[in-house]
Amino acid sequence: MDLLSEEQLTRWKEEGYLIVPSFFSDEETAEMLGEARRLLDEFDPTSHPMTTFKTAADGEHVGDDYFLNSGDKVRDSLLSYARSHAGFGDRDPRSQSKLAADIGYFLEPSSLSPATDSSPSQLLVPPAQSINKIGHALAVLNPVFRKYTLENERMRQVAKDLGEQEDPRVLQSMVICKQPRIGGRAVPCHNDSTFLYTDPPSAIGAWIALEECTPQNGCLSFLPGSHKISRTHQRFVRHPSGKGTTFIDVEGVEPNEEKWDEMDGWKEAACPAGTLVLIHGSVMHKSPPNPSDKSRLIYTFHMIEGGKGFVYDEKNW
Ligand SMILES: O=C(O)CCC(=O)C(=O)O
Ligand SMILES: [Fe+2]
């Protein structure tokens with residue numbers, strides 16, 4: 001049975017994103033939020049290389065081994081989903097505890113003191129409040145989040161209703177925390193196909209609010225319809241040196257002239273907990289920092305086309 005109405009599908013096609021309120025019940029949302037909080041509480045800074053999550057806007061690219069190794073778990077997730085959409089966890093030879101240990105924690109840069117010659121960086125806030133994101137393959141590594149990804153019948157139905165992908169595969173899955181007050185990081189304007197490249201581009205994001213998201217605590221904003229004109233002319237890849245990541249031009253694709261951030265028509269996507277937001281891989285979106293005292297935890301995963309001869313490229317991070 002279709003879960004998305006004709007009207008919702010029309011909006012998706014016109015705007016390049018779709019807000020589906022109350023997609024998950026209060027119980028389901030509470031289970032995901034509880035699991036996210038449990039993972040945060042489990043974070044042990046003494047066994048962590050203090051990897052922070054930074055974006056290109058910081059003038060520096062993420063790239064240490066911890067980040068890329070976490071990307072390798074994403075490759076694992078691709079392979080696993082290629083084998084089966086359901087139940088592969090039981091067949092994974094690695095034990096659950098090993099899998100839990102593979103989850104990557106990325107620190108909010110402002111939660112760390114600068115390192116000096118005489119002392120390394122120190123956490124300035126309690127460990128559970130220092131994390132920017134937990135990833136990048138929660139859908140494989142964590143049984144609770146796995147249950148709400150493509151193993152979830154209603155999620156699979158939504159992917160089918162969108163009618164864009166013949167054989168959706170989960171590429172990355174993570175909890176993004178905009179921590180109260182120190183969640184100082186804005187997510188700059190971008191489209192997701194730049195980061196999750198296939199030829200041709202096919203990414204679709206499923207973004208789930210685990211807490212209320214408002215303009216004050218860093219809700220998403222979209223430029224409706226931008227998916228029709230934005231071209232994925234750059235892609236995020238492993239640096240050819242093997243160290244770090246960089247952007248390269250996509251051959252034969254002209255860069256856009258538009259200055260997306262300055263264009264009229266941006267819309268805030270404030271939403272209550274339990275809301276599903278579907279994000280077309282080409283639509284421009286962003287989110288501001290969270291200076292408020294309310295946290296903004298979300299779970300998100302991205303799907304790419306696994307069929308139709310679409311090519312997933314080895315250069316991807
Ligand atoms: O959660 C955010 O603020 C940004 C997330 C995002 O860009 C995405 O899920 O594609
Ligand atoms: Fe995004």
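Which residues are buried in helix α8 (residues 153-162)?

**Figure 1. Helix α8 in the predicted model.** In helix α8, the buried residues are Met155, Gln157, Val158, Ala159, Asp161 and Leu162; buried means under 20% relative accessible area, exposed over 50%, and partly exposed in between (1.4 Å probe, protein chains only). Helices (H or I, at least four residues) and strands (E, at least two) are DSSP runs, numbered from the N terminus. The cover over the buried residues of α8 includes α1, β4, β7 (204-209), β12 (276-280) and β14, with contact taken as heavy atoms within 4.5 Å. At the start of α8, a side-chain oxygen of Asn152 comes within 3.0 Å of the backbone nitrogen of Arg154. Just after α8, Gly163 adopts a positive phi of about 70°.

Residues are numbered from 1 along each chain as its sequence is written, and chains are lettered from A and ligands numbered from 1 in the order in which they are written. Because this is a predicted model, local features need pLDDT of at least 70 and side-chain atom pairs count only at pLDDT 80 or more, while totals for chains, interfaces and linings use all residues; side-chain values use heavy atoms, with hydrogens and water left out.

**Figure 2. The protein as a whole, as context for the close-up views.** The secondary structure comes to eight helices and 15 strands. Of the 317 residues in the protein, 54% are buried. Among contacts between residues at least 6 apart in sequence, 84% join residues at least 24 apart. The protein exposes about 14,300 Å², of which carbon and sulfur atoms supply 51% (Shrake-Rupley method with a 1.4 Å probe; for residues, only the protein chains shown count as cover).

Figure 3. Asp192 belongs to the loop between β5 (187-190) and β6 (198-199), whereas His285 belongs to strand β13 (residues 285-287), so the pair ties together parts that are 93 residues apart in sequence. Asp192 counts as buried because its relative accessibility is 6%; His285, at 4%, also counts as buried.

**Figure 4. The shell around ligand 1.** Ligand 1 is surrounded by 13 residues, the closest being His190, Asp192, Trp207, Ser287 and Arg296; a residue is near a molecule or strand if one of its heavy atoms lies within 4 Å of it. At least two residues of this shell come from each of β4 (168-178), β5, β13 and β14 (296-305). Strand β14 gives the most, with four residues. By type, the shell holds five nonpolar, five polar and three charged residues (Ala, Val, Leu, Ile, Met, Phe, Trp, Tyr, Cys and Pro count as nonpolar, Asp, Glu, Lys and Arg as charged, and the others, Gly among them, as polar).

**Figure 5. Polar atoms beside the oxygen atoms of ligand 1.** A polar contact is a pair of N or O atoms within 3.5 Å; within protein, one must be able to donate a hydrogen and the other to accept it, and residues adjacent in sequence count only if both atoms are side-chain atoms. A polar side-chain atom of Trp207 is 2.9 Å from an oxygen atom of ligand 1. For His190, a polar side-chain atom is 3.1 Å from an oxygen atom of the ligand, and for Thr300 the distance from a side-chain N or O atom to a ligand oxygen is 3.4 Å. Of the 300 Å² of accessible area that ligand 1 has on its own, the protein covers 95%.

**Figure 6. Lys147 and its partners.** Lys147 is part of helix α7 (residues 143-147). This lysine counts as partly exposed because its relative accessibility is 39%. Leaving aside neighbours within four places in sequence, Lys147 is in contact with Glu31 and Asn152. The side chains of Lys147 and Glu31 are joined by a polar contact of 2.9 Å. Lys147 and Met32, 115 residues apart in sequence, are 9.6 Å apart in space, C-alpha to C-alpha.

Figure 7. A polar contact of 3.3 Å links the side chain of Asn132 to that of Glu108. Beyond neighbours within four places in sequence, Glu15 is in contact with Leu223, Pro224, Gly225, His227, Lys267 and Val283.
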